[in-house]
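I opened the notebook to record what I looked up in this structure.

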Amino acid sequence: MKNFILFIIVINFVFGTDLRTKYLNQSGINCDNFNFQKTEKFNNQNFTIKNLNDAIKSKDVKKVKEILTYNKNLSIQRDEHGKTPFKINQLFGNNPQIEDLLLCANDDVFTLEIYPISILNDKLVSDEKTKEILKELFKKGLDANDIFYDFGNGGSTLLMMAYHEKKIKSAYFILENGAKIDKNFNKSFVFMYTQIFRDENLSLYTKTPLSKNLKNFIKTQKYINFRNEKFKELENFLKFGEDIQNYDLFAKVLSYLNDRYGLKKLKDLGYKSDF
């Protein structure tokens, strides 16, 4: 995915070619280099999404262009496993020429493959605005369970990105639109929970005794408010199917902190193990 980090989102969100053009220009993609005009030889062709994905897997750039010339809408169709050609390309080598072809073939490739990530990761776009944009993207065909950045390493979901960017309203909205909670979400929760200690330059070394600074910090109103907020989030995630029994690591953190209120709250939510 070319120059993604350099792509600056326009806050006044609109669908259309302006935003896509900005991205293409910043990425050095010139769609004028591709001619998708049909000729006589395409009249009897009958390509399918399988043909396109097979060509992508084979890194056959010429064949990909031929198929997209026949039917540019294949660029946003999903196969039997729910994968789009853009995501197939990422899984099978992330060929830059094929990525360019897909982006130039159909405006919606940008809208559904690039724009959601950009919005979720842009700290200048508020949580409320992100939710508003996601609502429109879902209407256009965005799947709440889509996986992004999947280069064979599992990638990241919309939910995980929203949560890591502290866009909680957006995270709930993604769940309301059918997202399933990732099996590793509990680890993300613990990472975000322990962020407050990193922000305070307080280290958590569970193999060493609790420091005086940590003991003092967990008594502060700042920590108490933070803890209450995180438990409210956890309660909401449980309503969407998260399994409280996956929170052993969280229980260990609370146990190390000697946070008895936190441990009691965790048990009140249904956590069974003893620490």
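**Core.** I started with the largest nonpolar core, which has 82 residues. Those with the most contacts inside it are Leu103, Ile174, Phe197, Leu234, Phe250, Leu257 and Leu266. Helix H6 (residues 107-121) gives the most to this core, eight residues. My criterion for a nonpolar core: buried Ala, Val, Leu, Ile, Met, Phe, Trp, Tyr and Cys residues joined through side-chain atoms within 4.5 Å. Buried means under 20% relative accessible area, exposed over 50%, and partly exposed in between (1.4 Å probe, protein chains only). As a general note, nonpolar side chains tend to be buried together in soluble globular proteins.

**Ground rules.** This is a predicted model, in which local features need pLDDT of at least 70 and side-chain atom pairs count only at pLDDT 80 or more, while totals for chains, interfaces and linings use all residues. Residues are numbered from 1 along each chain as its sequence is written, and side-chain values use heavy atoms, with hydrogens and water left out.

**Whole chain.** I found 15 helices and two strands in the protein chain. Helices (H or I, at least four residues) and strands (E, at least two) are DSSP runs, numbered from the N terminus. Of the 275 residues, 46% count as buried. I then looked at contacts (heavy atoms within 4.5 Å). Among those with a separation of 6 or more, 68% join residues 24 or more positions apart.

**Leu234.** What does leucine 234 contact, leaving aside its neighbours within four places in sequence? I listed Phe189, Ile244, Tyr247, Phe250, Leu266 and Leu269.

**H15.** Next I took helix H15 (residues 260-268), whose buried residues are Gly262, Leu263 and Leu266. Seen down the axis of H15, they fall within an arc of 100°, so they line one face of the helix. The arc is that of the directions from the helix axis to the C-beta atoms. Arg260, Lys264 and Asp268 are exposed on the other side of H15. The cover over the buried residues of H15 includes H13 and helix H14 (248-256). Just after H15, glycine 270 takes a positive phi of about 115°.

**H3.** In helix H3 (residues 61-70), I noted Val64, Ile67, Leu68, Thr69 and Tyr70 as buried. Helix H2 (49-57) and helix H5 (96-105) are included in what covers them.

**Two loop asparagines.** Most residues other than glycine have a negative phi. Asparagine 201 has a positive phi, near 60°. Asparagine 201 sits in the loop between H11 and helix H12 (212-217), and at 71% relative accessibility it counts as exposed. Asparagine 258 also has a positive phi, about 55°. I placed asparagine 258 in the loop between H14 and H15. At 46% relative accessibility, asparagine 258 counts as partly exposed.

**Pocket.** Last, I checked the largest pocket, with a volume of about 190 Å³. It is lined by 13 residues, of which Lys166, Met192, Phe226, Glu229 and Lys230 lie nearest its centre. Helix H11 (195-199) and helix H13 (221-239) each supply at least two lining residues. The largest share, five residues, comes from H13. On a 1 Å grid over the protein atoms alone, a pocket is an open set of points where a 1.4 Å probe fits, with protein on both sides within 12 Å along at least five of seven lines; lining residues have an atom within 4 Å of a point. The volume is the space filled by probe spheres set on the points.
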